[in-house]
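This report looks at the ligand site and at the pockets of the protein shown below.

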Amino acid sequence: MNLHPKNLENLKRYNITAWFYDILDLPWEMQYRKWRPQLLTGVSGNVLEVGVGTGRNLRYYPPGVTHLTALDFSPAMLQHARRRAEGASCPVLFVQDDVCTMSSIPSDHFDWVVACFLCCVLPFDYQDQALSQISRVLKPGGRFCLLEMVYSKDRSLRKRQDFFAPFVEKVYGARFDRNTLEHAKNTPGLVVTGTRFVKQDTYLLIEGRSGK
Ligand SMILES: C[S@@+](CC[C@H](N)C(=O)[O-])C[C@H]1O[C@@H](n2cnc3c(N)ncnc32)[C@H](O)[C@@H]1O
């Protein structure tokens, strides 16, 4: 893996965070675990999850998923995810790779690409590269969904987010202002078909398909 410098910073961060990630994230995971099965309901066929982290989604993939490839650039995060593979309803192939290049992944290969809280971690300069890669690996007509944190328009929620923002960036490398929706809309080969908030106006689900 030949990583760009800002991605390398994130890789180092996640190789350390991995050891306490599940404990640290637990207060948030308590709500995410209610959403995860719903987000994955319609997902089927040959699926790629990018930025799989510690594998929190793995047990929620529905039986229509025939093959699951779980990609992350952090070996330490993948190590945790492997332990969760036994809860999955289909075989899981773990791949260590950078979503911005995905050199180990063939083109036009997947029916679905799923990412939860990945793009909000990706540095601004790499949003387009990652989304272009998602476009490349999707089969024509394939679908994608991205779950992201975004800034609220509500003043008191925004204030709360501003309070947590330095912590979130320091520990997760994540930000609320990655503007992934705009990047996805502008990515050749991707068509955004819908968006909805999963909670308030802070957790945004972006759904779409390949336009190839
Ligand atoms: C905030 S965590 C989310 C984990 C998981 N998707 C979840 O819902 O709990 C972000 C994950 O993305 C991975 N990641 C960040 N940048 C990446 C990149 N450029 N390529 C591949 N994985 C990346 C991190 O290692 C981490 O596991």
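How do the residues of the shell around the ligand divide into nonpolar, polar and charged? They divide into 11 nonpolar, 4 polar and 5 charged, where Ala, Val, Leu, Ile, Met, Phe, Trp, Tyr, Cys and Pro count as nonpolar, Asp, Glu, Lys and Arg as charged, and the others, Gly among them, as polar.

This is a predicted model, in which local features need pLDDT of at least 70 and side-chain atom pairs count only at pLDDT 80 or more, while totals for chains, interfaces and linings use all residues. Residues are numbered from 1 along each chain as its sequence is written, and side-chain values use heavy atoms, with hydrogens and water left out.

| Protein atom | Ligand atom | Distance |
|---|---|---|
| Arg-36, polar side-chain atom | oxygen | 2.9 Å |
| Asp-72, polar side-chain atom | oxygen | 2.6 Å |
| Phe-73, polar backbone atom | nitrogen | 3.3 Å |

Taken alone, the ligand exposes 590 Å², of which the protein buries 98% (Shrake-Rupley method, 1.4 Å probe).

The ligand sits in the largest pocket, meaning that more than half of its atoms lie within 2 Å of the pocket's grid points. A pocket is an open set of points on a 1 Å grid over the protein atoms alone, where a 1.4 Å probe fits, with protein on both sides within 12 Å along at least five of seven lines; lining residues have an atom within 4 Å of a point. Helix H6 (155-172) is among the elements that each supply at least two lining residues, and H6 gives the most, with 7 residues.

How values were computed: A polar contact is a pair of N or O atoms within 3.5 Å; within protein, one must be able to donate a hydrogen and the other to accept it, and residues adjacent in sequence count only if both atoms are side-chain atoms. Helices (H or I, at least four residues) and strands (E, at least two) are DSSP runs, numbered from the N terminus.
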